[in-house]
Amino acid sequence: MSWLGRLFGEKPDEALPLYTAVVTRARAAHWYQAGAVPDTVDGRFDMIATLLAIVMLRLESEPAGGDPAARLAERFVDDMDGQLREIGIGDIIVGKHIGKMMSMLGGRLGAYRDGLAAGDIAPALVRNLYRGAAPDAAALAHVRESLMAFHAGLTTKSLPDLLAGDLP
């Protein structure tokens, strides 16, 4: 943040380190190679939304996690808005796309919350990450096991560590 921003009371984007860490993790090659997530604009969105949902579920488990989760969602909206504009989506349609993306994120939160509670996120992965077209068993197992390890690792991180972008 600039000194001018500090002078006028501008608040730092507290969600940026965590959001950047989530996006960096979602860009890891193993999701697309061993996990067979489509390496497309939609596939990358789906991978970011999946990891973001898992992180937001972790924040949800903290009494003080509501505000950081909301800021993380706002950061997601800002990023997706910029990405849509960068690929040529016009101002008139951007809002509609953002609304759809937020709805998709909300659906993923519910699906992964239910899948984690049931002990099996595979059906939610097929529906949300692979958009209904199941990959081969090895690819699905890779993503499922990687996400379950990620989820378990998040439970060992404190809220300040998570907000600093320190992911397992």
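1. In what order do the elements of the chain run from the N terminus on? The order is α-α-α-α-α-α-α-α-α. The model, which is predicted, therefore presents a chain with nine helices and zero strands.

2. On the chain as a whole, buried residues make up 42% of the 168 residues. The exposed surface comes to about 8800 Å², and carbon and sulfur atoms supply 58% of that area.

3. The largest nonpolar core has 50 residues, of which Met 47, Val 55, Leu 72 and Leu 167 touch the most other members. Two or more residues come from each of α2 (16-26), α3 (29-32), α4, α5, α6 (91-118), α7 (122-128), α8 (137-154) and α9 (159-163). Helix α4 gives the most to this core, with 12 residues.

4. Leaving aside residues up to four places away in sequence, Leu 72 touches Ala 15, Leu 18, Tyr 19, Leu 52, Val 55, Met 56 and Leu 59. One of these partners, Val 55, is also listed with Leu 72 among the residues that touch the most other members of the core.

5. The count of aromatic pairs comes to one. The ring centres of Phe 45 and Phe 76 are 5.9 Å apart and the ring planes stand at 35 degrees, so the pair is tilted. Because Phe 45 belongs to helix α4 (residues 41-60) and Phe 76 to helix α5 (residues 66-86), the pair ties together parts that are 31 residues apart in sequence. Phe 45 counts as buried at 8% relative accessibility, and Phe 76 is buried with a relative accessible area of 0%.

6. A charged group also meets an aromatic ring in this model: the charged end of Arg 44 sits over the ring of Tyr 32, at 4.8 Å from the ring centre.

7. Ala 36, in the loop between α3 and α4, has a phi near 55 degrees, which is a positive value in a residue other than glycine. With a relative accessible area of 35%, Ala 36 is partly exposed.

8. At 42% relative accessibility, Arg 131 counts as partly exposed.

How values were computed
Residues numbered from 1 in each chain as written. Predicted model: local features only at pLDDT ≥ 70, side-chain atom pairs only at ≥ 80, totals over all residues. Heavy atoms only, no water. Helix = DSSP H or I, 4+ residues; strand = E, 2+ residues; numbered from the N terminus. Buried < 20%, exposed > 50% of the residue type's maximum accessible area, 1.4 Å probe, protein only. Areas by Shrake-Rupley, 256 points an atom, 1.4 Å probe, with all protein chains shown as cover. Phe/Tyr/Trp six-rings, centres within 6.5 Å; stacked < 30°, edge-to-face > 60°. Lys NZ or Arg CZ within 6 Å of the ring centre and 35° of its normal. Core = buried A, V, L, I, M, F, W, Y, C linked by side-chain atoms within 4.5 Å. Contact = heavy atoms within 4.5 Å.
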